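Have the structure open while you read.

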Protein chains: 2
Amino acid sequence: MQLSEIGETGLLAELERRGLVLGIENDAAELAGGLVVTQDALVEGVHFRLDWTSWRDLGYKAAAVNLSDLAASGAQPEALLVTLAVPGATLLADVVQLYEGLSEPGVPIRGGDVASAPRATLSVTAVGRSKRVPGRSGARPGDALVVTGPLGGSAAGYLALAEAIATPLRDAHRRPPLRLREGQLLASTAHALMDLSDGLVSDAERIAARSGCKLVIELERVPIVDGVKEVAERVGRDVWDLVCGFGEDYELLAAVGDAPFPTIGWCEAGAGVELRLQGEHHEVSRWRHFGDA
Amino acid sequence: MQLSEIGETGLLAELERRGLVLGIENDAAELAGGLVVTQDALVEGVHFRLDWTSWRDLGYKAAAVNLSDLAASGAQPEALLVTLAVPGATLLADVVQLYEGLSEPGVPIRGGDVASAPRATLSVTAVGRSKRVPGRSGARPGDALVVTGPLGGSAAGYLALAEAIATPLRDAHRRPPLRLREGQLLASTAHALMDLSDGLVSDAERIAARSGCKLVIELERVPIVDGVKEVAERVGRDVWDLVCGFGEDYELLAAVGDAPFPTIGWCEAGAGVELRLQGEHHEVSRWRHFGDA
């Protein structure tokens, strides 16, 4: 069986079933002493294109993506480790820009490595400490679902870059938000908490599966980044595909008793995720990992 | 200026000079509470070839390389995080073998991610705790230099694979040693401690530069893996190139007051590294990162 047949989630589930990895589906590993560690890799041609992003923006995004996992754990970041693999012909000035972008969120880069590789690959580890990591398994019927900000900007920015549409949303794809403070606030009370990296539907499904309940989302309550509707119209896609099916929003999704952020739905008895629009069931298309590799 | 002109060490020095990274030359980042974190990436075609290694050996090596950095910090490992990027056509059975290899040293895999990529890339973060991290800057005149085991096996194994020479040394390249216990023992008293990943000469130069002293190594005292001389003869290279200039030995090198392991030289006033063979100055050739990219 090939990975493209089972997808990213299927692979992780299989590795977990065999006892080869523990809790790999979580945003970050929680170790003794409140320590939280997360790691991600960005590969040229898969996660970024050097003709679409500056080196500085790439660095910023690589840091932000990992810090988002710490935010989803309610953690205060302490350090980044960065391993960069690039062709030997890469310019020093570009690499300096990359590290300036990585440094922008203000978390010190305390280690890592450099190596040569035919395509640029950037691996970032973020380390922080958290008083409480809600995880994904505690959502319960009656909880409100909240998000920390508007969605769809990254999808619209990606499409704008792909279709050469001029819009400031390109930056929404290149420079995701940092929700560290919101994460710490939510972590103190939330029953479940995660960051939206794979799209609202896919990520909500993870909470539903781990918590053993059903998540209902009313689409008209989901905040949308300004300009996303216009891009969806330009490319002839349902706006909800962009808002719920793309990912890389890096806002936080939480199941809470009391809602300190905009409520987009609720948890109830059952399984899976249901999207409703004006009271009717609504389907969205999703982007998939491994699907196009 | 291109990275191939300044090399890995030059790039790291430049990033450090600009304040963009802190202590990136160390084997691992040392954080509050004795926490030690290290990260490395292995890229197909650069660090490994899938026709030379099994997926299981690749996993073992990826774990061992990072655990070696923890060993050089005197740390007890607590967890690994693994990010794997591979083509979608990769077989699930191969990925399972990879994770079995990663699990072999007995340190739980507690997180990470999977993604698609045109070439296999494996990023591993290792987290541990140490009572004392000697670092590289404390060697002083009068110290003895010790190594925890024989060198040259990885270089000979690499050449055996490249030149199709049948020898059990191929495994020395594919399955480096784990020196965690030796690292903890040395860390309690050593003035400087690191692992031999880039070759005895390059690595000793790092201790010399950071400590502000000269390291003298008597080659006839350096332990050599059985069979390395024969491979060197077969390929027409000086055996000391293999023992001192290749790297990936993953033994530990320490500057100590009392020597619990074989002594190969000493520290004295001055700078740099001098190799001596039968009392005469000896030069070796080195492999370089970025040099052939």
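Domain bounds here come from an automatic or database domain assignment. Keep in mind that this is a predicted model.

**Two domains in chain A**

For chain A, that assignment gives domain 1 (27-130) and domain 2 (144-281). Taken over C-alpha atoms, the centres of domain 1 of chain A and domain 2 of chain A are separated by 23 Å. Where they meet, domain 1 of chain A puts in 20 residues and domain 2 of chain A puts in 18 residues.

Which elements build the domain 1 side of that contact? Helix H2 (55-71) and strand E3 (75-86) of chain A each supply at least two residues of the side that touches domain 2 of chain A. The largest share, 10 residues, comes from H2(A). Sorted by class, this side of domain 1 of chain A has 10 nonpolar, 6 polar and 4 charged residues.

**Where the chains meet**

Now for the contact between the chains: 66 residues of chain B are in contact with 66 residues of chain A. On the chain B side, quite a list of elements each supply at least two residues: helix H1 (3-17), strand E1 (29-31), strand E2 (35-43), strand E3 (75-86), helix H3 (92-103), strand E4 (109-116) and strand E5 (121-130). By class, the side of chain B that touches chain A comes out at 38 nonpolar, 19 polar and 9 charged residues.

**A helix pair in chain B**

Staying in chain B, have a look at helix H2 (residues 55-71) and helix H6 (residues 180-187). Their axes come within 8 Å and cross at roughly 15°. Angles under 35 degrees count as roughly parallel, so H2(B) is roughly parallel to H6(B). The crossing in which H2(B) passes H6(B) is right-handed.

Who makes the contact? From H2(B) there are B:Leu67, B:Leu70 and B:Ala71, while H6(B) brings B:Leu180, B:Glu182 and B:Gly183. By class, this contact of H2(B) with H6(B) has 4 nonpolar, 1 polar and 1 charged residues.

**A leucine in chain A**

Back in chain A, find A:Leu252, which sits in strand E9 (residues 252-256) of chain A. Is A:Leu252 buried or exposed? It counts as buried, because 28 C-beta neighbours lie inside 10 Å. Leaving aside residues up to four places away in sequence, A:Leu252 touches residues including A:Ala71, A:Ala72, A:Val147, A:Thr148, A:Arg179 and A:Glu182. A:Leu186 is another of the residues that A:Leu252 touches; the C-alpha atoms of A:Leu252 and A:Leu186 are separated by 9.1 Å, with the two residues 66 residues apart along the chain.

Most residues other than glycine have a negative phi.

| Residue | Phi |
|---|---|
| A:Glu248 | about 60° |
| B:Gln278 | about 50° |

A:Glu248 has its place in the loop between helix H9 (239-244) and E9 of chain A. B:Gln278 lies in the loop between strand E11 (273-277) and strand E12 (280-281) of chain B.

How do their surroundings look? A:Glu248 is buried, since 21 other C-beta atoms lie within 10 Å, whereas B:Gln278 is exposed, with 8 other C-beta atoms within 10 Å. The cut-offs behind those words are 20 or more for buried and 12 or fewer for exposed.

Note on methods. Residues are numbered from 1 along each chain as its sequence is written. Chains are lettered from A and ligands numbered from 1 in the order in which they are written. This is a predicted model: local features need pLDDT of at least 70, side-chain atom pairs count only at pLDDT 80 or more; totals for chains, interfaces and linings use all residues. Two residues are in contact if their C-beta atoms, placed from the backbone, lie within 7 Å. Helices (H or I, at least four residues) and strands (E, at least two) are DSSP runs, numbered from the N terminus. Ala, Val, Leu, Ile, Met, Phe, Trp, Tyr, Cys and Pro count as nonpolar, Asp, Glu, Lys and Arg as charged, and the others, Gly among them, as polar. Axes are lines fitted to C-alpha atoms, for helices over the stretch in contact, and angles run from 0 to 180 degrees between N-to-C directions. Angles under 35 degrees count as roughly parallel, over 145 as roughly antiparallel, 65 to 115 as roughly perpendicular and the rest as oblique. A crossing is left-handed if the near helix is turned anticlockwise from the far one by less than a right angle, and right-handed if clockwise.
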